[in-house]
Amino acid sequence: MCSLCGVLGGNEHWADAVARPGVYTRNVERIDRRRERANRVRIANGMLARFGLTITDWQGASFVLATRTGKSEIIEDLGHLWPAAERLCGRPCDPLDVDLIAAAEVAIDD
Amino acid sequence: MTEPQIPLLTPINLLTGFLGSGKTTLLARLLADPALSDAAVLINEFGEVGLDHHLVERIDDTMVLLQSGCLCCTVRGELADAIKDLHSKRERGLVPPFRRIVVESTGLADPFPVLSTIKSDPVLRHHFRPGNVITTVDAVNGLRQLGSYVESNRQAAVADRLVVTKADLAPAADMSGLVEKLRGINPDAPLLTATDPAFDVADLVDENLSLRAAALQSTSGFYCEAPAQLATADGGVHQSAVTSFVMIVERAIDWTAFGIWLTMLLNRHGDRVLRVKGILNIAGEERPVAIHGVQHLVHTPVHMERWPDEDRRSRIVFIVDGLDVELLKRSFEAFALDRSSVGDGAVPKRSLQERQSSS
């Protein structure tokens, strides 16, 4: 399977790569597609933990983003992830935040 | 039936350039050129291009057919409506089946909203896609404009093709200064000179260079033209905050981790990331993947047919406006690489993801 696809439905976000002739197909290999979704959830959770958020797959169709107090929001694809994450945690999720980077670098060096 | 001639997604090229940079002159040339005989061109005013002698048929108030076969329209109101109108007329057979659209933007416009419109409009995005952005830069005034106007910098930065106009009027020293400046802002867009006898209009709209991987022969190993690696600022021209840099990544990239990082970056800083362009070595993939983004918009990634050479490292060009380059590189290192799924010895033993799942 192509590592760029993995989602069924009318998804138009670039990270899912649209199935068009000559680009990618997504109507085969369902197991791989689910595996890719699980992988996405895993990686996204690693990032979201820094903001006190978690993400879970919902029926292989959407994702549920939640705070520690249970406030949650359903998102269609990863393109909607960050605006929703910022709404839920009430602060900007900035990958160029010096403290955030420093914390991640410490974790890597362990 | 005319339908088979119509591409699945009709490309929309954007012609931009600062006030007085020769946009209209280039446009007049485009309109008469057989290379655009299958195009519809959206312009601001009929009057300014002077179409009368090319005119074949007036379709309605806003649309005329030219001798070259090119369809020319003026935009009244919203651009999206004008494009939808064209699409509707094409479907109904009222206009020739054009296979590309060229949009002229005003001299002071930031080109990004046009691209964004094409990608976000619920109708347009299923029928059209953004094509090359063509930016004209005036050899006489260009350097000064780039030094003083943000719009001018942005137009140059998002360009897929840079066209230097009035080169015959500028002294050679000015010209080389301008080229250097443009290379600093946009290292990888092919630079064409409008007065060059070899200048071919077809090169402007041709996407072979940037998108069709099979055509990739660049010796630089990049899927576009070689990004000129500029020497760091030696106190010279550095008035603008627009900078470009190339990031070379040794390790195979995890597509998902990269995607999450890039969406996060663009969500926060999209208006300042003028361009992201790169060839990525994706973990688990034989072939490289080309990515191409303009501000908040990322084009559908393309699987290239093969690597251009032996070099298997990922190369990403960023053109940013006022972002801290070092911080961006650190952020990429810290977040965009999935460290848990790679098994080679260079990888730290405990990754962020593992921490998360084991805690």
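Q: Let's start with α3 in chain B: how many residues has it, and how far does it reach?
A: Helix α3(B) runs over residues 79-91, so to speak a 13-residue helix, and reaches 18 Å from first C-alpha to last, close to the 18 Å expected at 1.5 Å a residue. Keep in mind that this is a predicted model.

Q: Which residues of α3(B) are buried?
A: Those are B:A82, B:I83, B:L86, B:H87 and B:R90. They sit on the same side of α3(B), because they cover an arc of only 135° around the axis. In general, an α-helix has 3.6 residues a turn, so residues three or four places apart point the same way.

Q: And which exposed residues are on the face turned away from that buried side?
A: B:D81 and B:S88 are the exposed ones there.

Q: What covers the buried residues of α3(B)?
A: The cover includes strands β2 (39-43), β5 (71-74), β6 (100-104) and β7 (128-138), along with helix α5 (124-127), in chain B.

Q: What does the backbone do just after α3(B)?
A: B:G93 takes a positive phi there, about 75°.

Q: Switching topic: where is B:K166?
A: In the loop between β8 (161-165) and α8 (172-185) of chain B. B:K166 has a positive phi too, about 55°, although it isn't a glycine.

Q: Is B:K166 buried or exposed?
A: Buried, because it has 21 C-beta neighbours inside 10 Å, and the cut-off for buried is 20 or more.

Q: Zooming out, how many helices and strands are in chain B?
A: Twelve helices and 15 strands. Buried residues make up 46% of the chain's 359 residues.

Notes: Residues are numbered from 1 along each chain as its sequence is written. Chains are lettered from A and ligands numbered from 1 in the order in which they are written. This is a predicted model: local features need pLDDT of at least 70, side-chain atom pairs count only at pLDDT 80 or more; totals for chains, interfaces and linings use all residues. Helices (H or I, at least four residues) and strands (E, at least two) are DSSP runs, numbered from the N terminus. The expected span of a helix is 1.5 Å times one less than its number of residues. A residue is buried if 20 or more other C-beta atoms lie within 10 Å of its own, exposed if 12 or fewer, and partly exposed in between; C-beta atoms are placed from the backbone. The arc is that of the directions from the helix axis to the C-beta atoms. Two residues are in contact if their C-beta atoms, placed from the backbone, lie within 7 Å.
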